[in-house]
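Student: I am new to this structure and would like to go through it carefully with you. Could we look at it together, one question at a time?

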Amino acid sequence: PDEVGEWAGWTTTGSLFACSSEDRLIAHDRVRTMAKAIAGVESHVVSPEEAKEIHPLINSDDLVGCIHTPADGHIDPTAMVNAYIAGAKLHGAQIFEDVSIASIEQEGGRVSGLTTSCGHELRTPVIVNCTGAWARRIGAMAGVCVPSSHYCSAPFAAPILSADRLA
């Protein structure tokens, strides 16, 4: 926010990775240790009782332990994109909305530019493909095979707690 004057969408909530087996706790502890070494992420192993103190609604009866990351959280993707846009504009970028890529031009086997659906021709040696569900189609325009990813989303809100967990 300080750099671009725009909230980047981060909300700190903390997290608990619940582990119901010793193997799961060991696996998560390895990831925790690596995150600490590589990125300085502070987290620690907590007992089921400590997890219950952190989050009173958790059913800790079948837990071996948890990984607690106090500074973890989530991000609002729209706010993050708006902050990226603000930062890009500060550095001279132009933003084109409601427009798609019609074609990607190449010279000598390398990207040389693109043409938008409005007919604008942009010359550039680099295109960053961050088009999500359209990544394969955009990649194909440049002769690049983008592997498909499989994501699952539910069109409804799943319950977080069942009645037995509230008892």
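Student: Which residues are linked in a network of salt bridges?

Tutor: This is a predicted model, and in it the side chains of glutamate 105 and arginine 123 meet in a salt bridge at 4.0 Å, N to O. That pair links distant parts of the chain, with glutamate 105 in strand E6 (residues 101–107) and arginine 123 in strand E8 (residues 121–123), 18 residues apart. The side chain of arginine 123 also meets that of glutamate 121, in a salt bridge of 3.6 Å, N to O. The network is therefore made of Glu105, Glu121 and Arg123.

Student: Is glutamate 121 buried or exposed?

Tutor: A residue counts as exposed when its relative accessible area is over 50%, and glutamate 121 has a value of 57%. Glutamate 105, with 21%, is partly exposed, whereas glutamate 121 is exposed.

Student: How many disulfides does a search of the whole structure find?

Tutor: A disulfide is a covalent bond between the sulfur atoms of two cysteines. The sulfur of cysteine 66 has its closest cysteine sulfur in cysteine 19, at 6.3 Å, which is too far for a bond. Both of these residues are hidden from the surface by the computed values, since cysteine 19 counts as buried at 0% relative accessibility and cysteine 66 is likewise buried at 0%. Across the whole structure, the number of disulfides found is zero.

Student: Which residues form a nonpolar patch on the surface?

Tutor: Isoleucine 38 belongs to helix H1 (residues 22–39), and with a relative accessible area of 68% isoleucine 38 is exposed. Isoleucine 38 is one of the residues of a patch that has about 330 Å² of accessible area together. The patch on the surface is formed by Val31, Met34 and Ile38.

Student: Which residues does serine 43 touch, not counting residues up to four places away in sequence?

Tutor: Serine 43 lies in the loop between H1 and strand E3 (44–46). Although placed in a loop, serine 43 is buried, with a relative accessible area of 11%. Leaving out residues up to four places away in sequence, serine 43 touches Arg32, Ile67, His68 and Thr69.

Student: How many Å apart in space are aspartate 72 and valine 41, C-alpha to C-alpha?

Tutor: Aspartate 72 sits in the loop between strand E4 (65–69) and strand E5 (73–75), and at 25% relative accessibility aspartate 72 counts as partly exposed. Its contacts, apart from neighbours within four places in sequence, are Trp10, Thr11, Thr12, Thr13, Gly14, Ser15 and Phe17. Aspartate 72 and valine 41 are 31 residues apart in sequence, and their C-alpha to C-alpha separation in space is 8.8 Å.

Student: What is the phi of aspartate 98?

Tutor: Most residues other than glycine have a negative phi. Aspartate 98 is found in the loop between helix H3 (77–90) and E6, and at 82% relative accessibility aspartate 98 counts as exposed. Although aspartate 98 is not a glycine, its phi is positive, at about 55 degrees.

Student: What share of the residues in the protein chain is buried?

Tutor: The protein chain has five helices and eight strands, which run from the N terminus as β-β-α-β-α-β-β-α-β-β-β-α-α. The chain exposes about 12300 Å², of which carbon and sulfur atoms supply 58%. Of the 167 residues in the protein chain, the buried share is 19%.

Notes:
Residues are numbered from 1 along each chain as its sequence is written. This is a predicted model: local features need pLDDT of at least 70, side-chain atom pairs count only at pLDDT 80 or more; totals for chains, interfaces and linings use all residues. Side-chain values use heavy atoms; hydrogens and water are left out. A disulfide is a pair of cysteine sulfur atoms within 2.5 Å. Buried means under 20% relative accessible area, exposed over 50%, partly exposed in between (1.4 Å probe, protein chains only). Patches are made of residues with over 30% relative accessible area and no salt bridge: like charges are joined within 9 Å, nonpolar side chains (Val, Leu, Ile, Met, Phe, Trp, Tyr) within 5 Å. Accessible areas come from the Shrake-Rupley method with a 1.4 Å probe; for residues, only the protein chains shown count as cover. Helices (H or I, at least four residues) and strands (E, at least two) are DSSP runs, numbered from the N terminus. Contact means heavy atoms within 4.5 Å.
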